[in-house]
Amino acid sequence: MAETYASYPLTKEMLRAAYERANALPEYEYSHRKLQANFVGCIGELVMADFLRRNNIQFTDDRHHTTRDFLVSNCITLDVKTKDRTVRPRRNYDNSVPLYNHEHQRPDYYYFVSLLRDRKRPVSDIFRFSHAFIVGGIDIATLEAKGRVWEANETDSDNGTTFWTSCINVSMADLLSNKEMLSIFKAAAKPDGAANRTVS
């Protein structure tokens, strides 16, 4: 939840690395922002990898797969969803999973990252992002049970957001905290923790 998010200052080295990776990726057919979407996503992935390493969570970088970003503790599939904002995360905010590849991309857990962007700096400035916030995660079953589906071009009257693509939105309050997510990852790493798990 927003009260327990982890805040990461973004270094120039990290932003350069994310931009280099983003430039090497294809611009996906359903992507609304093309290169910028890749860049935002790559920042979130780098931050998540660093977060896992700092917390001694074993993981494999599986970004060559289209179904997940990481394999955690050799048994949990994880996908990172990143959104850029001009303010820090708040409890009443939502997190989104686009529906255009939801049937194909079905990880065990989603993890959400928010980026803080300086609205005064141009899109061409790769250093316009100053911080990343790791806000929490959710398993796919809970996402689908508690999330709200919005269709493209619908507008959320609560905040005025008009959705450019169909998506499932879940509130910050419905996310597992970072502490809870780390406990799940560590439990799965124990000898009996992954006994009933299978990896697709």
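1. Two strands pair if DSSP finds at least two bridges between them. Keep that in mind for this predicted model. In the pairing of strands, P9 stands opposite H131 in β7. β1 and β7 pair over four bridges, in the antiparallel sense. As background, strands of a sheet pair through backbone hydrogen bonds, either parallel or antiparallel.

2. Now the whole sheet. Six strands form an open sheet. Read across it and the order is β1-β7-β6-β4-β3-β2. The pairing is mixed. Which strands stand at the edges? They are β1 and β2 (59-61). Each has a single partner strand, so one side of each is left without a neighbour in the sheet. From one strand to the next, the twist averages 30°.

3. Next, look at helix α2. This helix lies across β1, β2, β3, β4, β6 and β7. Its direction makes an angle of about 125° with β4.

4. Turn to the nonpolar interior. In soluble globular proteins, nonpolar side chains tend to be buried together. Here the largest nonpolar core has 37 residues. Those with the most contacts inside it are L10, I43, M48, F51, V72, I134 and F185. Several elements give two or more residues to this core, including β1 (6-9), α1 (12-24), β4 (76-85) and α4 (178-189). Which element gives the most? It is α2, with 10 residues.

5. Leave aside its neighbours within four places in sequence. F51 is then in contact with A6, Y8, Y111, I134, N178 and L182.

6. D50 is in helix α2. Is D50 buried or exposed? D50 has a relative accessible area of 17%. Buried means under 20%, so D50 counts as buried. The side chains of D50 and R54 are joined by a polar contact of 2.7 Å.

7. Finally, find S73. This residue sits in the loop between β3 and β4. S73 has a relative accessible area of 7%, so it too is buried. What does the side chain of S73 reach at 2.7 Å? It reaches the backbone oxygen of F185. Neighbours within four places in sequence aside, S73 is in contact with I57, Q58, F185, A188 and A189. F185 also belongs to the residues with the most contacts inside the largest nonpolar core.

Technical notes
Residues numbered from 1 in each chain as written. Predicted model: local features only at pLDDT ≥ 70, side-chain atom pairs only at ≥ 80, totals over all residues. Heavy atoms only, no water. Core = buried A, V, L, I, M, F, W, Y, C linked by side-chain atoms within 4.5 Å. Buried < 20%, exposed > 50% of the residue type's maximum accessible area, 1.4 Å probe, protein only. Contact = heavy atoms within 4.5 Å. Polar contact = N/O pair within 3.5 Å; in protein donor to acceptor, adjacent residues only side chain to side chain. Axes fitted to C-alpha atoms, helices over the stretch in contact; angles between N-to-C directions.
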